[in-house]
Amino acid sequence: MVNMDILKDNVGKKAADLIKDGQIVGLGTGSTTHYFIRYLGERIKNEELNILGIPTSYQSLIKAREAGINTTTLDEYDIDIAVDGADEVNPTLDLIKGGGAAHTLEKLVDSSAKKFVVIVDESKVVEELGKFPVPLEIIPEALRVVKDTLVDLGGKPELRMGIQKDGPVITDNGNFILDTKFDKIRNPHKLEKELNIIPGVLENGIFAGLADKVIIGKMSAIEEIDREDIL
Ligand SMILES: O=C[C@H](O)[C@H](O)[C@H](O)COP(=O)(O)O
């Protein structure tokens with residue numbers, strides 16, 4: 001395993017150990033939550049736990065099935081705890097997510113949970129959000145007008161292109177992604193709202209004020225930061 005994978009493995013296990021029998025669990029998307037889902041599946045099997053997962057993407061649905069986690073939907077259950085990765089985390093626990101184009105359903109699931117736990121390796125920790133471009137899921141018809149609006153707001157939008165697929169990335173919801181670089185994101189709460197009121201934008205990847213806890217995998221140790229600690 002390369003170093004970053006070890007850190008992701010460590011935080012995935014730590015988060016899986018937080019889950020209690022009988023809970024409904026939001027299953028985040030990405031290479032870090034991959035470890036969480038795997039360890040949760042192992043605990044369910046070894047300890048005969050009664051746990052249901054609510055996936056945030058086709059990827060996490062497939063991984064849940066592989067791990068032996070039964071799944072359900074938000075229509076049927078409230079979520080006790082959601083565990084998800086992030087592309088950037090700042091000192092006030094605001095996030096940028098959506099590197100895997102799953103942020104729309106992730107935001108729905110993560111914000112619905114009674115507790116939202118973020119797991120990251122130390123490379124994701126930043127002083128100020130914005131080095132990672134903000135992903136916006138947009139309906140395809142809105143491409144030109146949303147791009148123009150983002151430029152007016154000081155952004156540099158780029159249509160995310162597929163790999164091993166010609167043309168743009170198509171999200172799980174059938175839409176496009178505009179990765180938008182902003183020079184500095186001084187007020188993530190404000191920018192998150194401004195982006196979401198642009199007609200044609202379904203959801204953007206800023207998750208301001210949502211995380212209750214962040215678990216950071218470092219070379220030296222695992223660091224845990226709770227929202228109440230920073231208030
Ligand atoms: O759309 C994807 C998600 O927001 C991921 O949780 C995020 O990109 C972090 O993924 P990873 O753990 O692979 O860095």
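Predicted model: local features only at pLDDT ≥ 70, side-chain atom pairs only at ≥ 80, totals over all residues.
At which residue does UniProt place the feature "active site"?

1. **The annotated residue.** The UniProt record, an unreviewed entry, puts the feature "active site" at Glu106. Glu106 is part of helix H4. Is Glu106 buried or exposed? A residue is called buried if 20 or more other C-beta atoms lie within 10 Å of its own. Glu106 has 31 other C-beta atoms within 10 Å, so it is buried. Leaving aside residues up to four places away in sequence, Glu106 touches Gly28, Thr29, Thr56, Asp84 and Lys97.

2. **The helix that carries it.** Helix H4 covers residues 103–112. Seven of its 10 residues are buried, and therefore H4 is largely enclosed by the rest of the structure. Which residues of H4 are the buried ones? They are His103, Thr104, Leu105, Glu106, Lys107, Val109 and Asp110.

3. Ala101 sits in the loop between S6 and H4. Its phi is near 65°, a positive value in a residue other than glycine. Ala101 has 22 C-beta neighbours inside 10 Å and so counts as buried.

4. Gln164 belongs to the loop between strand S9 (156–159) and strand S10 (176–181). Is Gln164 buried or exposed? With 4 C-beta neighbours inside 10 Å, Gln164 counts as exposed. Ala101, by contrast, counts as buried.

5. **The ligand.** How many residues surround the ligand? There are 17, and the closest are Gly30, Thr32, Gly85, Gly99 and Gly100. By type, the shell around the ligand consists of three nonpolar, 10 polar and four charged residues.

6. **Two domains.** The domain assignment gives domain 1 as 4–126 + 209–229 and domain 2 as 134–203. Taken over C-alpha atoms, the centres of domain 1 and domain 2 are 24 Å apart. Contact between the domains involves 12 residues of domain 1 and 13 residues of domain 2. Which element gives the largest share of the side of domain 1 that touches domain 2? H4 does, with four residues. The residues on that side of domain 1 are five nonpolar, five polar and two charged.

7. Leu27 has Val83 in S4 as its bridge partner.

8. In which sense do S13 and S14 run, parallel or antiparallel? Strand S13 (residues 213–217) and S14 run antiparallel and are joined by five bridges. Opposite Val214 stands Ile225 in S14. Four residues lie between S13 and S14, which together form a hairpin.

9. **The three-stranded sheet.** A further open sheet has three strands in the order S5-S6-S12, with antiparallel pairing. Its edges are strand S5 (88–89) and strand S12 (206–207); each has a single partner strand, so one side of each is left without a neighbour in the sheet. Two bridges connect S5 with strand S6 (residues 95–96), in the antiparallel sense. Val89 is opposite Leu95 in S6.

10. **Two further residues.** Leu7 lies in helix H1 (residues 3–16). Leu7 counts as buried because it has 24 C-beta neighbours inside 10 Å. Not counting residues up to four places away in sequence, Leu7 touches Asp121, Glu122 and Gly217. From Leu7 to Thr92 is 85 residues in sequence and 22 Å in space, C-alpha to C-alpha. Val145, in helix H5 (residues 143–152), has 13 C-beta neighbours inside 10 Å and so counts as partly exposed. Val145 and Glu66 are separated by 79 residues in sequence and by 41 Å in space, C-alpha to C-alpha.

Notes:
Residues numbered from 1 in each chain as written. Buried ≥ 20, exposed ≤ 12 C-beta atoms within 10 Å, placed from the backbone. Near = placed C-beta within 6 Å. Nonpolar A, V, L, I, M, F, W, Y, C, P; charged D, E, K, R; others polar. Domains from an automatic or database assignment. Contact = placed C-beta atoms within 7 Å. UniProt positions renumbered as here; feature names shortened; annotations may be inferred. Pairing = 2+ DSSP bridges.
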